[in-house]
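Trainee: Could we go through this structure together, one question at a time? I would like to see how each answer is reached.

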Amino acid sequence: MADFFLNMFHSISNVVQSIRIVDIIDILLLTYLIYLALKFIRESRAVQLMKGVALLAIVYFISDFVGLKSITFITEQVLGVGLLALVILFQPELRRVLEKFGTSAFHGSLFAESGINSWEKAIPIICESVADLSKNNTGALIVIERNTKLGEQISGGTVLNAMPSLQLFGNIFYPKTPLHDGAVIMRDGLIVAAACFLPRPQKDEGIDKRLGTRHRAAIGMSENSDAIIIVVSEETGQISVAENGKLTRDYNGPSLQQLLRSALIPAEDDEGAWRGKTMKLPFLRKNDKEKKKSTHQKKEGQS
């Protein structure tokens with residue numbers, strides 16, 4: 001028994017000694033990718049499908065072990081096309097994941113200053129308008145574009161390119177106006193278009209049957225893009241938000257404003273790089289510090 005544990009200790013010691021920095025990085029990256037895959041499966045409709053795939057795999061191994069050639073052949077063929085089926089079935093979710101990877105934080109920091117300043121002004125107007133529409137039980141559908149461009153939906157509506165205001169939102173969603181039937185799409189703090197039609201959800205499974213057309217359109221749009229969609233129920237005045245294929249409900253003006261600010265306006269970092277300010281590169285920050293220091297010294301000399 002002592003020899004067994006001694007040999008095991010030597011084996012583990014040899015493995016540990018042979019590990020390189022590259023191997024640690026490789027393991028950490030693989031762990032992170034597995035975590036992302038599990039998170040994707042858990043947060044999407046893939047859970048039930050993965051249970052089916054696991055069941056098929058179990059059937060395949062049992063039939064192969066027992067020698068059931070027909071069952072083995074069928075399950076092998078089904079599993080062979082499983083990857084292609086996953087890509088087709090979960091195209092919206094996979095597209096959202098790739099869009100998140102493709103969105104560079106550096107790109108957003110350098111080029112989104114004007115959009116952030118616009119959202120600073122637009123968010124309070126949006127929330128006040130939505131709260132007013134909710135109070136009057138006026139149905140509304142507002143799409144806030146982010147990284148995924150919604151040119152197809154915009155081109156199908158009425159282009160406005162207007163500054164948001166309480167009066168404009170009220171006129172657009174007033175039931176007797178031509179523009180009330182459809183969604184408003186906003187880009188960089190502007191109302192780009194109204195009366196836009198949105199795609200329906202990929203599947204109605206799991207969606208509350210009591211939800212109306214507006215809510216279903218909001219879920220469908222959030223499945224096909226990274227947009228934030230605000231819905232006001234015409235029946236109850238309830239405010240809901242659709243994002244990443246999920247609908248959350250029971251918002252009010254302050255809670256909606258908090259959500260929009262956290263989603264559309266980056267938090268100011270420790271260096272105070274920006275909240276509505278341009279991002280300063282390290283050498284620019286250094287120059288600024290030197291300028292402030294020289295200015296302070298000059299003031300001290302004058303005094």
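Mentor: Let us begin with a definition: a salt bridge is a side-chain nitrogen of Lys or Arg within 4 Å of a carboxyl oxygen of Asp or Glu. Please keep in mind that the model before us is predicted.

Trainee: How many salt bridges does a search of the whole structure find?

Mentor: Side chains of opposite charge can pair when their charged atoms come close. One of the pairs here joins Glu-145 and Lys-149, with N and O 3.7 Å apart, and these two residues also belong to a network of salt bridges that includes Arg-187. For the whole structure, the search gives a count of 5.

Trainee: Which parts of the chain does the salt bridge between Glu-120 and Arg-261 tie together?

Mentor: The side chains of Glu-120 and Arg-261 meet with N and O 3.2 Å apart. Arg-261 is partly exposed at 25% relative accessible area, and Glu-120 is partly exposed at 23%. Because the two residues lie in separate elements 141 residues apart in sequence, the parts tied together are helix H8 (residues 113–135) and helix H12 (residues 253–264).

Trainee: Where in the chain is the partner that forms a salt bridge with Arg-146?

Mentor: The closest N and O atoms of Arg-146 and Glu-243 are 2.7 Å apart. Arg-146 sits in the loop between E1 and helix H9 (151–155), while its partner Glu-243, 97 residues away, is found in strand E6.

Trainee: What is the order of the strands in the open sheet?

Mentor: Strands of a sheet pair through backbone hydrogen bonds, either parallel or antiparallel. This sheet has 7 strands with mixed pairing, and they are arranged in the order E2-E4-E3-E1-E5-E6-E7.

Trainee: Which strands does H11 touch where it packs on the sheet?

Mentor: Within the sheet, E5 and E6 pair in the antiparallel sense over 4 bridges, and Ile-230 has Val-241 in E6 as its bridge partner. H11 runs at about 175° to the direction of E5, and the strands that H11 touches are E1, E5, E6 and E7.

Trainee: Which backbone oxygen does the side chain of Ser-222 reach?

Mentor: Ser-222 lies in helix H11, which covers residues 213–224. Ser-222 counts as buried because its relative accessibility is 0%. At 2.8 Å, its side chain reaches the backbone oxygen of Ile-219.

Technical notes. Residues are numbered from 1 along each chain as its sequence is written. This is a predicted model: local features need pLDDT of at least 70, side-chain atom pairs count only at pLDDT 80 or more; totals for chains, interfaces and linings use all residues. Side-chain values use heavy atoms; hydrogens and water are left out. Buried means under 20% relative accessible area, exposed over 50%, partly exposed in between (1.4 Å probe, protein chains only). A polar contact is a pair of N or O atoms within 3.5 Å; within protein, one must be able to donate a hydrogen and the other to accept it, and residues adjacent in sequence count only if both atoms are side-chain atoms. Two strands pair if DSSP finds at least two bridges between them. Contact means heavy atoms within 4.5 Å. Axes are lines fitted to C-alpha atoms, for helices over the stretch in contact, and angles run from 0 to 180 degrees between N-to-C directions.
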